[in-house]
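Here is a briefing for a reader new to this structure. Look at the sequence and the model first, then read the points by topic.

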Number of protein chains: 2
Amino acid sequence: MSKLPILSQRHIDPRSYPPGVAYMDGQYLPMQEAKLSVLDYGFLHSDATYDVVHVWKGAFFRLDDHLNRFFRGIEELHMSIPYDQAQVAEILHNCVALSELRNAYVEFICTRGTSPTFSRDPRDAENRFIAFAIPFGSVANKEQMEHGLHLAVTDVLRIPPSSVDPTIKNYHWLDMVKGLYAAYDQGADTAVLVDGNGNVSEGPGFNVFAIRDGVVSTPDTSVLLGITRQTIFDICAGLGIQCRTQDVSVTALKAADEVFVTSTAGGVMPVTKVDGQPVGSGVLGTLSKTILAKYWEMHDDDTLRDVVPYPEAAEL
Amino acid sequence: MSKLPILSQRHIDPRSYPPGVAYMDGQYLPMQEAKLSVLDYGFLHSDATYDVVHVWKGAFFRLDDHLNRFFRGIEELHMSIPYDQAQVAEILHNCVALSELRNAYVEFICTRGTSPTFSRDPRDAENRFIAFAIPFGSVANKEQMEHGLHLAVTDVLRIPPSSVDPTIKNYHWLDMVKGLYAAYDQGADTAVLVDGNGNVSEGPGFNVFAIRDGVVSTPDTSVLLGITRQTIFDICAGLGIQCRTQDVSVTALKAADEVFVTSTAGGVMPVTKVDGQPVGSGVLGTLSKTILAKYWEMHDDDTLRDVVPYPEAAEL
C-alpha cells in the first residue's frame, strides 16, 4: 500500500478573482472569500434562482423591478430567505458601498442550499442567500459597441418552458454554452438559440430585438422577461415607436433593417451582422442609436435610481 | 448616510456538512472546507460535468466505466483537466482512503471555472477539477427498499437532447425538482419525467425499468446512459432475461408487472406504486428481487472492483 497524502486543514486557492464585495451569512467579505460548499444544491442541481442589477454612476437602476422578479422566483421554487425586499436592498447597497465601485454588476442569489445529512429531498435543505458586487461588465466590448456584434443563429433549442420556466431567472446555461461554441466556430461573437417552433428565442444573457420598417419586435415566449427588455418597451412607448412582442422567425431576423440585443450587463447592444451577412446597411441603425442613447439618459431619472451610500472618501 | 457594516476577512460558515474528504487544487480537505468561488461558471452557468461512483465494502464498483463517461463529457464540453484517468483514479482512491469510509458516494466534477476578469467567453476560463467522498447514500431509504417506492408520473418535460445532451452527465435539475414537488403534492416518494413524445424518460438521479411478461424495458433516448442501467443489461444477459431499450409509454409503465429504478446512489430500487395505483400485485416482484440480489452479488466480482488503500487502522 502506498503512503497516503496528508489532509490539509484549509483550502489555499491559487486563483485570482475580480475585486468586489460579497454578502453571506451576515458577513460582508472580499470577493475572493465568497465561497459556496460544493455540496450546495445550487451547484450540484443548479437548484437556484438569481437576479442581476447594475449600478451606474453611483446609483442602482430599476432595483425594485429586479427585486420583484427575484422574490417571485424564490416563491415559485418553494424556497425562502430570512430577508424581505427592503433588507435585500440594504444588503445590496452595502455590498456596493463597501466595494466603492461607481459602476457595478450586482448579483443576488437564492440556492436550495444544503442539509447536514445530504438528503436528496429538497424540502430538507436550508436555503442560502448570497449577494455580490463586482465591476460593471458587458456582453459587448467597446469595439463591438461601436461597430456592432456579429450574431450567429444556431440550431440549439433553448431549454423549453415545459421543462424549465424561463421567467424564473436560472443558471441552466449548457444550451447557451453549446450555442456560443457553435458561434465561435463560424467566427461570430455570440449566439442566439431557437425555440420549439424554430423561431428566435434568446442568447447567453440577452433578449433579441429586430426592427423592420420602423416597427420593433421581440420574442414573447421561451425567453426571460428581461428588465432591460421592459425598459425598451418603455422607451418605445415614450418615443411613439411601435413595439410588439411576437414570434420572430429566423428569416425575419435576417431580413431586419436593424437588430440589437439587451441585457443588464451592457444595456442596448447593436448587432450589425447575422450569420456572416450584414444587417440592413451593415452599420449601426438610426433607431437603435436613438433607443441606446435614451436608455443611458434614463439612468438620470430619479424615479428609477437608488443612490448608493458610499463611504465619504469614495464619493465623487 | 447610515454607518456601513464592517468588511470581514474570512467567511464563518454556520452550517454542518456530512463527513468526508474532498480534493481541490492539489489539496485533500475535510468536506466542510471544500468550497467553490461563487463566481465559478460551474455554479453561475451550471457549466460543468461530473460523475458519481460508489465504494462498497472497501472497493470501487465499475470505476473505469465512470471515468470513461466523465472524460468523454469533459471533451464534449470543450474542457480540460491536468490529470489523466489514472491520476483521477488515484485522487478518488485517496479521498476514500483518507475518509476511512467503507461505503462511500464519490463524486468528481469538472467545472468551466473562472477567469480573473470575469470574462463571459467560456474559452477564457480556467477549468476546475473537484472530487469528494462522503457516506454512501441512496435514492430509496430502508423502508422504501423493503416495500417499494411510490413513483409519480409528472407532465414535466425532461430537458430535451436538442437543448442539453443527457448523455453528458450534468447538473440541470430544475425540471427534476419541479417533478419532485409535484410528486410530493400527490403523496408519492419521487417522480419520473416525460420526453417530447410523452413517454417515460428518467427521474431525479435514476433510470426507470418496466417488466411485462418477463421482458425488461427501459427508455433509450432522453436519458442518461447510467452505469447501473448498463449493469442491469449485463445481469439480464447473464440470466437469460430479455431486456430491451425502447420507448416506454406511460400506459406501459402503469400496466407493468414490475417496475424498478436504478442509480449509483442505491443500485436497484423497487417501485410498487405508480400514481397511487399498485404495480402488479403491489409487492416486490420476483424478477426485480432476482436482479437486485444479482446486482449486489456482482460487487464481489474482482474484475469490477478496485480496492481502496485504507490506512492500516481503518482496515477491517
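A:Glu126 and B:Arg15 join their side chains in a salt bridge, at 3.8 Å from N to O. A salt bridge here is a side-chain nitrogen of Lys or Arg within 4 Å of a carboxyl oxygen of Asp or Glu. The rule finds 4 salt bridges across the interface of chain A and chain B.

This is a predicted model, in which local features need pLDDT of at least 70, side-chain atom pairs count only at pLDDT 80 or more, and totals for chains, interfaces and linings use all residues. Residues are numbered from 1 along each chain as its sequence is written, chains are lettered from A in the order in which they are written, and side-chain values use heavy atoms, with hydrogens and water left out.

**The interface**

- Chain A brings 91 residues to the contact, and chain B brings 91 residues; contact means heavy atoms within 4.5 Å.
- About 8200 Å² is buried between chain A and chain B, and carbon and sulfur atoms give 64% of that area.
- A:Arg15, A:Phe43 and A:Leu174 supply 10% of the area that chain A buries against chain B, more than any other three residues.
- Buried area is the accessible area (1.4 Å probe) that two parts lose on being put together, summed over both.

**Cysteines**

- A search of the whole structure finds 0 disulfides over all chains; a disulfide is a pair of cysteine sulfur atoms within 2.5 Å.
- A:Cys95 is in no disulfide, and its nearest cysteine sulfur, in A:Cys110, is 15 Å away.
- In chain B, the sulfur of B:Cys110 lies 15 Å from the closest one, in B:Cys95, which is too far for a bond.
- A:Cys95 is buried at 0% relative accessibility, and B:Cys110 is buried with a relative accessible area of 0%.
- Buried means under 20% relative accessible area (1.4 Å probe, protein chains only).

**A hairpin in chain B**

- Strand β1 (residues 21-24) and strand β2 (residues 27-30) of chain B pair in the antiparallel sense over 4 bridges.
- Strands are DSSP runs (E, at least two residues), numbered from the N terminus, and two of them pair if DSSP finds at least two bridges between them.
- B:Ala22 stands opposite B:Leu29 in β2(B).
- The hairpin has 2 residues between the strands, and B:Asp25 takes a positive phi near 50° there.

Notes
Buried < 20%, exposed > 50% of the residue type's maximum accessible area, 1.4 Å probe, protein only.
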